[in-house]
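Have the model open as you read.

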Amino acid sequence: MKKIPSLLAGLLTASVILTACAPKTLTPDPNAQIRQAVAATIAAIPTPTAVPISTPYPSPTPFSLAGLFCEYQFCIGHPVDMAFFDVSAQQNPAAPSTYSQGLIAAFNGNLFIQVMWQLAPGASDPQFLMDLILDDELDTRNGTMDVKLVRGMNVMSTLITSIATPLLPFGAAAAWTCGDRVFAWKLYAPQSDTAAPIFEEALARFTCGQ
């Protein structure tokens, strides 16, 4: 996993604690700490240019390794010019993300993506992790929640707007169940029509160890 600049050393410090907590036992105001770290990091991203379009690459296997993150017994698609890093491991190398819980993030000049997961055996409703990844003071849900069954996974998603940074005011958030875990995903982008296609591709390439 690649080393990130020192600028990101403080990125989402509280998120590591946050992902370890059950939905009803959160530490006091964790979103305030997340907000400060995320806003400081995103504010340092250069002025956005056109979002690169992900290009399919021929491969004899079902997935191209370009734009596919595989670790912690799951895989998820992402834009080819981005790479996820383990937020937990960056903060404490002795306590990285695991199969049971974790938080990863990726960014470039145009996008900021977070993915978190929790062990939740028997859970069929991913709403609690959707609520966890969204910041009520920064993120606003737009329109109705889209709920559907995708390859046996209960998936909910919504477009959002955010005031985390004026550079990336639009985005989307989603949550879904897979096996004995619940996953959540959030993206900030400069244009309103960017997030939905990226999520569709990410989910289309998503697999998890069950």
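## The sheet

Seven strands make up an open, antiparallel sheet, ordered β3-β4-β5-β9-β8-β7-β6. β3 (85-86) and β6 sit at the edges with a single partner strand each, so one side of each has no neighbour in the sheet. Strands here are DSSP E runs of at least two residues, helices are H or I runs of at least four, and both are numbered from the N terminus; two strands pair if DSSP finds at least two bridges between them.

β8 and β9 run antiparallel and are joined by nine bridges. Phe170, for one, has Ala189 in β9 as its bridge partner.

In α5 (residues 195-204), the buried residues are Ala195, Ile198, Phe199, Ala202 and Leu203 (buried is under 20% relative accessible area, exposed over 50%, partly exposed in between, with a 1.4 Å probe and protein chains only). Down the helix axis they fall within an arc of 130 degrees, so they line one face of α5; the arc uses directions from the axis to the C-beta atoms. Their cover includes β2 (74-77) as well as β6 (139-150).

## Two positive phi values

Gln73, in the loop between β1 (68-71) and β2, isn't a glycine, yet its phi is near 60 degrees. Gln73 is exposed, at 54% relative accessibility.

Arg151 lies in the loop between β6 and β7 and also has a positive phi, about 50 degrees, without being a glycine. Its relative accessible area is 51%, so Arg151 is exposed.

## About the model

This is a predicted model: local features need pLDDT of at least 70, side-chain atom pairs count only at pLDDT 80 or more, and totals for chains, interfaces and linings use all residues. Residues are numbered from 1 along each chain as its sequence is written, and side-chain values use heavy atoms, leaving out hydrogens and water.

Methods: Contact = heavy atoms within 4.5 Å.
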